[in-house]
Amino acid sequence: MSNPHVVIVGAGFAGLVAARELQMAGVDVEIVEARDRVGGRAWTEERMGRPLELGATWVHWMQPHVWSEITRYDQSIYPSPFCDDAYWITGGRVEHGTEADLDAALARPMAKIFEDSREFFPYPYEPLHVLDESSGSTPELRERFRAADQGSVLDCLKGGDFTQEERDLCDAYWSAAYIGDPHQGSPLMAKQWAALSDHRLSLVDEQTLRFKLTHGMRGLYENIAADLRCPIRLNTPVTAVDHRSDGATVTLGTGEKISCDSVIVTVPVGALPTIEFTPGLPSGMRTVIDQRWNSTGCKIWVKVKGHHSILGYAPTPHKAAVFRSEFFMDDDTTICVGFGSHHDAVDLTDPRDAQAIVDQWRPDLEVVDCTGHDWVADRWSGQAWATLRSGQFTNGWHHFRSTDSRLRFAGADWARGWRGVVVDGAIETGLSTAREVLRDIRA
């Protein structure tokens, strides 16, 4: 009797980890990847004189799945720098202080945004736990939880005595963190981030913006790929998936068809329209695909003359919401990273756009180069990291967690823990989905 055969669509972290897990269980695996490389939305490449992360960047020892991979492959980390000078725009003017001053100004409004995180997420990796009536939650708590998925992450600052400065700082923070319009972002996502970080803003920042891999993300994804004995077919897009209760057929762009016992699709929501599913996906999934996530923004790397230890915050609708120094180069330049909520507002390769970003805070600095990758315009992603719109926390991502056929979905978009911003969720779903497929096959 032949071994079970599984096709994995996508060679990002979720696909690579799922393949490794299935391979260890003796399953024949085949990965098909539309891009010419592995890694997905993690991509370390030499740009502007050093390796830069065009996608996912930061890691932390409190992210259990990625830390396991760091341990497995003997990788090391180092910190992003703290900044000497912080600038934030409020009421049309630029304020100046230290990074500690900025953090202190954020503390009070962010505590309001994180309110109820302990009650809503007693088990942060079971994000919908309180909606389960068998959990012991009260009807009143379940109603408050559902209500907290409506409106925007900034709505709670409209009342009370919050200042314009506090609202502008939070607008900038969540524009970058949600990599999209903060006025459309689900409040529950911020509260879950707090729960994943011991309900402390300082730890949220540390987990999402402080520590990087010494050898880059490629130090993980290339090592995982090297552990695989299965074929990884690059430049091989998938156009259709026919899924049944006893197997599946995957159609490639060349017209080739692959029959398999199960298929794992790791394509993010923004690129799912590139695949035709037969039978069609259920209505809950289709609604999410039609709506898309709130991840409409961009990440840009900017090189400026001189060594400058700076941090900038700017609220919607500025070109970039958060901007900070990352690398001090030997040629007396500084490479900074910036995040904006709308990818179509910035040409990531045009120094004039980069200069306009820097001018928001420091018009005396001169841009010499810039780079990035537009993930939203990329056909094979259609989005940056997955962040949820209002209503999508309780009615969105979880629809993809189970199917009634041999089709399974994996990827950071569907993670129970860190759904966006870091790769921990992709690794999490790669593991859990592979185990689901094994149970299907063995049954």
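UniProt lists residues 13-438 for "domain: Amine oxidase" in an unreviewed entry; UniProt positions are given in the numbering used here, feature names are shortened, and annotations may be inferred rather than shown by experiment. Over residues 13-438 the chain is 29% helix and 22% strand, with the end C-alpha atoms 19 Å apart. Helices (H or I, at least four residues) and strands (E, at least two) are DSSP runs, numbered from the N terminus.

This is a predicted model, in which local features need pLDDT of at least 70 and side-chain atom pairs count only at pLDDT 80 or more, while totals for chains, interfaces and linings use all residues. Residues are numbered from 1 along each chain as its sequence is written, and side-chain values use heavy atoms, with hydrogens and water left out.

- An open sheet with mixed pairing is formed by 7 strands in the order 8-7-17-18-19-16-20; two strands pair if DSSP finds at least two bridges between them.
- Strand 8 (93-97) and strand 20 (367-372) are the edge strands, and each pairs on one side only.
- From one strand to the next, the twist averages 20°.
- Helix 6 (residues 164-177) packs on this sheet and touches strand 7 (85-90), strand 8, strand 17 (310-313), strand 18 and strand 19, where contact means heavy atoms within 4.5 Å.
- The direction of helix 6 makes about 110° with that of strand 7; axes are lines fitted to C-alpha atoms, for helices over the stretch in contact, and angles run from 0 to 180 degrees between N-to-C directions.

**Strand 19 and its partners**

- Strand 18 (residues 322-328) and strand 19 (residues 333-340) run antiparallel and are joined by 6 bridges.
- Cys336 in strand 19 is the bridge partner of Ser325, and Phe339 in strand 19 is that of Val322.
- The two strands form a hairpin with 4 residues between them, and Asp332 in the turn has a positive phi of about 60°.
- Strand 16 (residues 298-305) pairs with strand 19 in the antiparallel sense over 8 bridges, with Lys303 opposite Ile335.
- Because 8 of the 8 residues of strand 19 are buried, this strand is largely enclosed by the rest of the structure; buried means under 20% relative accessible area, exposed over 50%, and partly exposed in between (1.4 Å probe, protein chains only).
- Thr333, Ile335, Val337 and Phe339 point one way from strand 19, whereas Thr334, Cys336, Gly338 and Gly340 point the other way, and all are buried.

- Strand 11 (residues 238-244) and strand 12 (residues 247-252) run antiparallel with 6 bridges, and Asp242 stands opposite Thr249 in strand 12.
- Strand 1 (residues 5-9), in which 4 of 5 residues are buried, runs parallel to strand 2 (residues 28-32) and is joined to that strand by 5 bridges.
- Val6 stands opposite Val29 in strand 2.

**Packing of helix 2 on helix 12**

- The axes of helix 2 (residues 64-72) and helix 12 (residues 424-442) come within 7 Å and cross at roughly 85°.
- That angle makes helix 2 roughly perpendicular to helix 12; angles under 35 degrees count as roughly parallel, over 145 as roughly antiparallel, 65 to 115 as roughly perpendicular and the rest as oblique.
- Pro64, His65, Val66 and Glu69 in helix 2 meet Asp424, Ile427, Glu428 and Leu431 in helix 12.
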